[in-house]
Amino acid sequence: MSTRAQIAIQIGPEEWAHTYVHYDGYPSHMLPALAPWTPEDILAAREIRQVRADEVEAFDNPRDPILLPRPTRQFCHLYLWLGGMWVEVNPDAE
């Protein structure tokens, strides 16, 4: 079974690109795996099977990220680039 996640990257004042991650989306894996990657690296992958510290494995024929006006968690976990680092957030917790 896979733990699905999203990575939301702000690309405009009220525009966030949400990239799908299919495998290993839990924080103890994703936060160290995302550490070497920039938002540009993630956006270039478009749709991700798995993120590892040594590779961002994208799907063949990936779909474009979904554009939304704010970070929105649609799967188990949501990650954002904040203050120069990746963090897990719960947008419903405010």
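**Contacts across the chain**

I began with contacts, meaning heavy atoms within 4.5 Å. Of the contacts in the protein chain with a separation of 6 or more, 50% are between residues 24 or more positions apart. The model is predicted: local features need pLDDT of at least 70, side-chain atom pairs count only at pLDDT 80 or more, and totals for chains, interfaces and linings use all residues. Residues are numbered from 1 along each chain as its sequence is written, and side-chain values use heavy atoms, with hydrogens and water left out.

**Overall build**

I listed the elements next. Helices (H or I, at least four residues) and strands (E, at least two) are DSSP runs, numbered from the N terminus. The protein chain has two helices and seven strands. Their order from the N terminus is β-β-α-α-β-β-β-β-β.

I then checked the dimensions. The C-alpha trace spans about 30 × 25 × 25 Å along its principal axes. The radius of gyration is taken over C-alpha atoms, and the globule rule is 2.2 Å times the number of residues to the power 0.38. The protein chain has 12 Å, which agrees with the value near 12 Å for a compact globule of 94 residues.

For surface I used Shrake-Rupley accessible areas with a 1.4 Å probe; for residues, only the protein chains shown count as cover. The accessible surface comes to about 5,500 Å², and 51% of that belongs to carbon and sulfur atoms. Buried means under 20% relative accessible area, exposed over 50%, and partly exposed in between (1.4 Å probe, protein chains only). Buried residues make up 36% of the 94 residues.

**Strand β2**

I looked up the partners of β2. Two strands pair if DSSP finds at least two bridges between them. Strand β1 (residues 5-12) runs antiparallel to β2, and seven bridges join them. The hairpin from β1 to β2 goes through two residues. Gln 6 stands opposite Tyr 20 in β2. Strand β5 (residues 66-68) also pairs with β2, in the antiparallel sense, over three bridges. There, His 18 has Ile 66 in β5 as its bridge partner. Strand β2 (residues 15-21) is mostly covered, with six of its seven residues buried.

**Helix α1**

Which residues of helix α1 are buried? In α1 (residues 27-34) they are His 29, Met 30, Ala 33 and Leu 34. Seen down the axis of α1, they fall within an arc of 105°, so they line one face of the helix. The arc is that of the directions from the helix axis to the C-beta atoms. The buried residues of α1 pack against β1, β2, α2 (39-45), β3 (48-52), β6 (77-82) and β7 (85-89).

I also followed Leu 31, which lies in α1. Leu 31 counts as partly exposed, at 30% relative accessibility. Leaving aside neighbours within four places in sequence, Leu 31 is in contact with Tyr 79, Trp 86, Val 87 and Glu 88. The C-alpha atoms of Leu 31 and Trp 86 are separated by 6.6 Å, although these residues are 55 residues apart along the chain.

**Aromatic pairs**

I searched for ring pairs. Rings of Phe, Tyr and Trp (its six-membered ring) pair if their centres lie within 6.5 Å; planes under 30 degrees apart count as stacked, over 60 as edge-to-face and the rest as tilted. The whole structure holds two aromatic pairs. The rings of Tyr 20 and Phe 75 have centres 5.2 Å apart and planes at 65°, so this pair is edge-to-face. Tyr 20 lies in β2 and Phe 75 in the loop between β5 and β6, so the pair ties together parts 55 residues apart in sequence. Tyr 20 is buried at 15% relative accessibility, and Phe 75 is partly exposed at 23%.

The rings of Trp 81 and Trp 86 have centres 5.0 Å apart and planes at 70°, so that pair is edge-to-face. Trp 81 is partly exposed at 32%, while Trp 86 is buried at 6%.

**Loop residues**

I ended with the loops. Glu 47 is in the loop between α2 and β3. Is Glu 47 buried or exposed? At 6% relative accessibility, Glu 47 counts as buried. Not counting residues up to four places away in sequence, Glu 47 touches Thr 19, Tyr 20, Ala 58, Phe 59, Asn 61, Pro 62 and Arg 63.

Asn 61 sits in the loop between β4 (55-58) and β5. Asn 61 is exposed at 73% relative accessibility. Most residues other than glycine have a negative phi. Phi of Asn 61 is positive, near 50°. Asp 24, in the loop between β2 and α1, has a positive phi near 55°. Asp 24 is partly exposed at 23%.
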